[in-house]
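This report walks through one protein model for a reader who is meeting it here. Please keep the sequence and the three-dimensional view at hand while reading.

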Amino acid sequence: MTSPILAVLLLLAPPAWGEAMDAAQTQITALAAPRVPQLDGLPFNKDNKADKGSGDDDIARETDVWGRIRSGYAIPDMDNALVAKHVTWYSTRPEHIAITTARASRYLFHVVQELQKRGMPTELALLPFIESGFNPLAFSSASAAGMWQFIPATGRSFNLKQNMFKDERRGVVASTDAALSYLQKLYGMFGDWQLALAAYNWGEGSVQKAIKKNEAMGKPTDFESLADLMPSETRNYFPKLQAMKNIIATPAQFGLTLPLIDNQPYFTTVDKTSDIDVTIAAQLAELSVDDFKALNPQFKRPVITGNANTQILLPKENAEKFHLNLAQWGQALSTWTTHKITSARERIDTLASKYGTTPEVLRQANNIPQKTLLMAGSTILVPRTSTSLNIDITQEITDNATLLFAADRPERKRPALSSDRSKGKTAAPISLVKARVSRATKTRHPAR
């Protein structure tokens, strides 16, 4: 259960889309796993696999997740002017710390569990503080999404599905698994967590080039020795993590109090094998729509398709309510189906009339910008009709549906080209007549 102090912090967090300081609220947990001891600050053996060891009693003695994070610190510390600068920045902004730790309190248990299962340093659980402010809805100008800030290509390389219906870069469980796998891969490449983190931010190729450059000049190749070759963001990346690590280690030293995060699971997963509206799922779980979306930020449409491997996350007690209410639910679970556009310029108002709804409802459900038309080949959500009441959206549609927009511009007649010899005037050459070409409108959807 959320503590009264945490509840107040969450209420104070200002909601806004796509920024690291947004107050997106998500509660995530996972099953317990034993603590893995660290050897010489490096948690992997020569095969880059977690060294299994004892430590169950140590974990059992921890009363909250912060203690588990502190006990698993394993990356060598950095102490320089940049670290001091960022410690000052964070520690003099208690409101920022309050908001981000309140968000993090709903994710950290899961992240720490996954790190300890893999035998990885637990301060890596603090990385989303730097990446996104622990906001799963964060969306950057470089199209990076989620609390681990995956760009589309990297997300796909780690099997994070991105389609019209969902973006797993925002799903807490899937993105955490992908991020830790990526970090393990980078550590295997560089044998150094500070360089692995630099590569996570800058790209492994860039770090490799910087190492080769320093090697050619006979210089060291550690993070600080390569810093002058790094862009500013990467140069500050690990120092920011070190600053958060220092603050979390001794918050009282900086006049800060961290919210209590119980050392126990919070959420459970519920398998879904049929389509269900987000609003209906929230109702069955007895959660607000906002709270449901906060736990399941990967779903981009008002319907969750019930294909294979579809899961929703719910607090344990709400999962029990969900199952009880579902057993008594006597209505359709989803009110949406899909329609494929076949006409070159099918209008939204025509579709709305056909399916007994309004253009505004269709635009909102499909994130269709104003003053745009749908091009042939597009697939959109439309209300179910009597002929589609019991037909779920197929896996093929889920995986391949696309939306293509064109600007909705009024048709204009081109003036006739002719000569008016009676008045001594000649029509302009065809080469001077500008063609009016309908161009596709590029849209950027808000993070969801």
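Leaving out residues up to four places away in sequence, A178 touches F150, F158 and L160, where a contact means heavy atoms within 4.5 Å. A178 is found in helix α9, and helices here are DSSP runs of H or I with at least four residues, while strands are E runs of at least two, numbered from the N terminus. With a relative accessibility of 3%, A178 counts as buried; buried means under 20% relative accessible area, exposed means over 50%, and partly exposed lies in between, with a 1.4 Å probe and protein chains only. The C-alpha atoms of A178 and G155 are separated by 7.8 Å, although these residues are 23 residues apart along the chain.

This is a predicted model, in which local features need pLDDT of at least 70 and side-chain atom pairs count only at pLDDT 80 or more, whereas totals for chains, interfaces and linings use all residues. Residues are numbered from 1 along each chain as its sequence is written, and side-chain values use heavy atoms, with hydrogens and water left out.

**The chain as a whole**

The protein chain has 20 helices and eight strands, and 49% of its 448 residues count as buried. Among its contacts between residues at least 6 apart in sequence, 72% join residues at least 24 apart. The accessible surface comes to about 22,600 Å², and carbon and sulfur atoms account for 52% of that area; accessible areas come from the Shrake-Rupley method with a 1.4 Å probe, and for residues only the protein chains shown count as cover.

**Two helix pairs**

Helix α9 (residues 172–190) packs with helix α11 (residues 204–216) at an angle of about 15°, their axes being 12 Å apart. That makes α9 roughly parallel to α11, since angles under 35 degrees count as roughly parallel, over 145 as roughly antiparallel, 65 to 115 as roughly perpendicular and the rest as oblique. Axes are lines fitted to C-alpha atoms, for helices over the stretch in contact, and angles run from 0 to 180 degrees between N-to-C directions. The crossing of α9 and α11 is right-handed; a crossing has this hand if the near helix is turned clockwise from the far one by less than a right angle, and is left-handed if anticlockwise. On the α9 side, Y182, K185, L186, M189 and F190 meet E204, V207, Q208 and I211 of α11. By class, the contact of α9 with α11 has six nonpolar, one polar and two charged residues, where Ala, Val, Leu, Ile, Met, Phe, Trp, Tyr, Cys and Pro count as nonpolar, Asp, Glu, Lys and Arg as charged, and the others, Gly among them, as polar.

Helix α4 (residues 81–91) and helix α14 (residues 237–249) have their axes 8 Å apart and pack at an angle of about 55°, which makes α4 oblique to α14. The crossing in which α4 passes α14 is right-handed. Residues L82, V83, H86, V87, Y90 and S91 of α4 make this contact with P239, K240, Q242, A243, M244, N246 and I247 of α14. By class, the contact of α4 with α14 has eight nonpolar, four polar and one charged residues.

**Enclosed helices**

Helix α5 (residues 94–104) is largely enclosed by the rest of the structure, because eight of its eleven residues are buried. These buried residues of α5 are H96, I97, I99, T100, T101, A102, R103 and A104.

In helix α15 (residues 278–285), six of the eight residues are buried, so α15 too is largely enclosed by the rest of the structure. V278, I280, A281, A282, L284 and A285 are the buried residues of α15, and they pack against β2 (276–277), α16 (289–295), β3 (303–304), β4 (311–315) and α17 (316–327). Just after α15, E286 takes a positive phi of about 60°.

**Individual residues**

F134 and Q149 are not glycines, yet F134 has a positive phi of about 60° and Q149 has one of about 55°. F134 is placed in the loop between α7 (127–131) and α8 (152–157), and Q149 is found in the loop between α7 and α8.

P359 lies in helix α19 (residues 359–366). Leaving aside neighbours within four places in sequence, P359 is in contact with I348, D349 and A352, and P359 and R347, twelve residues apart in sequence, are 9.3 Å apart in space, C-alpha to C-alpha.

| Residue | Relative accessibility | Class |
|---|---|---|
| F134 | 0% | buried |
| Q149 | 16% | buried |
| P359 | 26% | partly exposed |
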